[in-house]
Structure formats: C-alpha cells, structure tokens
Amino acid sequence: MTIFLHIGRGKTGTTSIQTFLEANGPALAERGIVTPTTLARRNHRRLTMYALNDDVVDNLRRAKRMTTPQSVQRFRERLAESFVAEAKTWQPDQAIVMTSEQMTRLRTAEEIARLKGLLDLAGHGDIRVIVYLRRQDLAQVSTYSQLVKGGSSAPFQPAPPGEGTSQLFYDAFLAPWADVFGTRAIVVRPFESCSLKNGDAIDDFMSVVGLDDLTGLVRPPRGNASLDVYTLEFLRRLNPQLPRWLENNKQDRSRDALIAVLESISDGPKLRMSPEATERFMAPFRAGNALVARTYLGQDELFREGFSDEPPVEPGLPAEAALRIVRALFTRAIVPALELDDIISVTARLWNNSTPPQNPA
C-alpha cells in the first residue's frame, strides 16, 4: 500500500485534480485508487487542521470554532480514531490518495512530523509527497489573485524577496518535508505545460499515482478560474464593503456567489509583469531552483519555459468594464443581495472620473 500525499501548491491545478478524484471515486476505487472520506470532502483540509501547532488559529480552524488548545486536542483525538477505523478497510495493493493545498501552511518540522504521525497510524505503507511548483513570478500573480478572492484590498505590488515570498524559495520550503519524510519520498513536478503529461494537470497527477489510462472517467469543468485584471480590480475595491468574516465568526457566503459570477465573465487579459520586472523578480530564486532541480529531479533547470516577451498588463478598471460587471451581477440576481446602490457607488470610484454609472436596470 502506498499513500500519496498531494500537498498542492495553490493554483497548480489542485482544484481540478480534487474535483476529478471526487467525481470518479467509485470508478477509481475499482482501479485500486482510494481517496479517504474521513479527512473532509474533496479537499482533505482536516490533515492541516490536525497538524498545525496548538496556538495557530487560521481560517480553517476558525470556521470550526477550534480556537483553544483544548478544542484542537479534542479534534485530533476524534480524527485519529476515525482515520484508523477507515485505514483498516484499505487493501495492501491499493494506492491511497490524500490531497490538500492547505498542507503548504505547515512550515515547521514539528508540524510536518505531527502529520506523518497521523499517517503512520494507517500501518504499513510507503508515503510519497507530491508537490507541484509554479515558476515564482507566475505564482506571485496567482497568489495575489487568491488573496483578493479571500478578501484582500491591497493593490498588486511584487513583494521583495523575504517580504511575503518566503514560501517561493522552494528549496527552503521543501527542506522540512524532506527532513521528515526523506528526500526520496518527495515527488516534485514543475507546473508548466512542457513538463506535465499531455500538458494537463490531471493526466500528470494520475500518472504519478499509477494510473495512465483514464478512459471512461469523468472530466469535470475546470475550477478555481483566475480573474482577469478588470474583475480582479473590481473585487479588490469591493472587498472593504464585503468582508469575508461576519461578526458572529462565520464566513459571509454571499461572496461565493459574487466570485462565481466574476469568474464566469472573466475573459479579459490576465495580470502580468513586464519581462524586465520578471527578470528582476526571479533573480533571487535561481540558485534555489537549481538546487531543487538537482536534488529532486536530477536535472539542471527546474523550469524550462521562457519569460513572456509580451507587454505587461497592469491592474485597472475602465468605466465600460465596471458597467459590464455590474450588469452581470444584476442580471444573475447577485446584486440585490449585495445592495446595488453600494456597488454602483464603489465602482464609481474605480476610474479617473468620478461620475457614477447609471443604474443598469
């Protein structure tokens, strides 16, 4: 029995992989690939909730009211019991797949060792840690988009090395995982079309876990789509009016409907740094990338795709783009729940002139 622990990272096809595994659960089980049910649906975020140190109260624990060491310990005990019970049903010839990009929040050897301790309760079995790495400049842009989706209103500005980019030093990020699981257990996959099997994240991931023939399996629609520069800027400016967390410590789910509409109409240019800015941004990461390539892939370069020579795409929101977004929200019945007048007032401040757009009735 082999346990494949897929730790992401974010914006590397993780949602598509998780959706594929869930949609094809019974069919994959017949082919010897099992996804546990005790670790949460689709995204096995309970692994992270289990392994984080006692004093960490992130959005995962906060959503489940796990705000004290005592509540964390009770959760660990319950999860370990149910995990062991499920593990007893696994067969020696099966591949067990666990997946959650939230596991990249585990920063210390102590937390990662706590995770391994839980997995070891499954009994005999090898563990392989799968991680997809995206070139740092592209990862920085994707991370910014995710932060805005999560509620951030900060404008885009590539962070200098060490300021919000520590996890982009992939050699340092992988070091505690290799210390706990062993270097040979780490499976590094560069997230770029020329490196993925068939240029596809799902095909590539399934080949890693031992299944090359996906005939007859369902291909779900692509999930967690990136926002273009217009919808991204619209959401950024709206975020202060629509906080992610309510006063009763619950998440505001009206944001989900809003973001779904923005993703569906997001067909404009994507945020992109200039070639010069990309070169400057990537310089501090080159040595670490070469070390990762040699250590985990046995090659000289981690990423093979070159920088884009296209002009940069800066954040912005022309009046016509803002009106298009508001109309889409209105026609899909999202605006009434979000108070149309407030949204129009916010969008009126998003371009140089300050004349509010007309109510798109």
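User: At what angle do helix H7 and helix H10 pack, and what is that class of angle called?

Analyst: Helix H7 (residues 136-149) and helix H10 (residues 229-238) pack at about 45°, with axes 9 Å apart. Axes are lines fitted to C-alpha atoms, for helices over the stretch in contact, and angles run from 0 to 180 degrees between N-to-C directions.

User: Which residues of H10 make the contact with H7?

Analyst: Contact means heavy atoms within 4.5 Å. From H7 come Tyr144, Ser145, Val148 and Lys149. Their partners on H10 are Leu232, Leu235 and Arg236.

User: What limits apply to the model?

Analyst: The model is predicted: local features need pLDDT of at least 70, side-chain atom pairs count only at pLDDT 80 or more, and totals for chains, interfaces and linings use all residues. Residues are numbered from 1 along each chain as its sequence is written, and side-chain values use heavy atoms, leaving out hydrogens and water.

User: How many residues of helix H1 are buried?

Analyst: Buried means under 20% relative accessible area, exposed over 50%, partly exposed in between (1.4 Å probe, protein chains only). H1 (residues 14-23) is mostly covered. Its buried residues include Ile17, Phe20 and Leu21.

User: Is Arg105 buried or partly exposed?

Analyst: Arg105 is in the loop between E3 and helix H6 (109-120). Asp58 and Glu111 are among the residues it touches. Its relative accessibility is 27%, so Arg105 counts as partly exposed.

Technical notes:
Helix = DSSP H or I, 4+ residues; strand = E, 2+ residues; numbered from the N terminus. Lists of a residue's contacts leave out its neighbours within four places in sequence.
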